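Q: I would like to learn how to read a few features of a protein model. Please take them one at a time.

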Amino acid sequence: MPNLLIVDDEKQILNSLKRELRGTPWSVTACNDPQKAMQLLETKEFDVVMSDYRMPRITGVQVLACARRHQPTSVRIILSGYTDATAMLQAVNEAELFRYLVKPWTPDELTDALSAALKKRKELKVGRMLIAQKLREQDQERKREEAIRRLEREEPGLTEVEFSPNGTIYMAR
């Protein structure tokens, strides 16, 4: 079950979000303390992290930047009633935002944004898995080539094969 972390200092906003997400196939953790949310990001894995932009002491950008550091494949969404272009540019650059959701949102906007975020998360995980597989294959190939070079040093000519014009293999002397 996908895990979502939603951070907003206003409890009524969190309650509204939890109500709207009730009945979805997602596990929702709601947190009204950004500091506590940042601690959660160090210990529990979340697929999507959605944070309010303006909160006391810690901004949503800081929370989402923390998510980026501790959980780079989490998908990050900012939720805000403000449209400050400079602040949003900062958020995009520091936290690598996936989406910007404006308050007040509609239920469809919320579920569409979260569904798209979860799809993106799946793509990120598959991409990382393919990269890891490719690195393993490259490591195996490197080891194979090292073994061939070692054999050639120990027994010169062992790895060389000569073919006759008709394709017959000549055995080394």
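Q: Where is Arg 57 placed?
A: Arg 57 lies in the loop between S3 and H3. Helices (H or I, at least four residues) and strands (E, at least two) are DSSP runs, numbered from the N terminus. The model is predicted: local features need pLDDT of at least 70, side-chain atom pairs count only at pLDDT 80 or more, and totals for chains, interfaces and linings use all residues. Residues are numbered from 1 along each chain as its sequence is written, and side-chain values use heavy atoms, with hydrogens and water left out.

Q: Is Arg 57 buried or exposed?
A: Buried means under 20% relative accessible area, exposed over 50%, and partly exposed in between (1.4 Å probe, protein chains only). Arg 57 has 71% relative accessibility and therefore counts as exposed. Arg 57 also has a positive phi of about 70°, although it is not a glycine.

Q: How do side chains point along a strand?
A: In a regular strand the side chains alternate between the two faces of the sheet. In S4, Val 75, Ile 77 and Leu 79 point one way, Arg 76, Ile 78 and Ser 80 point the other way, and all are buried.

Q: Which strand pairs with S4 in the parallel sense?
A: Two strands pair if DSSP finds at least two bridges between them. Strand S3 (residues 48-52) pairs with S4 over five bridges, in the parallel sense. One of the bridge pairs joins Ser 51 to Ile 78 of S4.

Q: How is the packing of two helices described?
A: Two packed helices are described by the angle between their axes and the distance between the axes. Axes are lines fitted to C-alpha atoms, for helices over the stretch in contact, and angles run from 0 to 180 degrees between N-to-C directions. The axes of H2 (residues 34-43) and H3 (residues 60-70) come within 9 Å and cross at roughly 5°. H2 and H3 are therefore roughly parallel to each other (angles under 35 degrees count as such). In this contact (heavy atoms within 4.5 Å), H2 uses Pro 34, Met 38, Leu 41 and Glu 42, while H3 uses Gln 62, Val 63, Cys 66, Ala 67 and His 70.

Q: Which residues touch the most other members of the largest nonpolar core?
A: A nonpolar core is a set of buried Ala, Val, Leu, Ile, Met, Phe, Trp, Tyr and Cys residues joined through side-chain atoms within 4.5 Å. The largest has 23 residues, and Leu 5, Leu 41, Val 49, Val 63 and Ile 78 touch the most other members. H3 gives the most to this core, with five residues.

Note on methods:
Angles under 35 degrees count as roughly parallel, over 145 as roughly antiparallel, 65 to 115 as roughly perpendicular and the rest as oblique.
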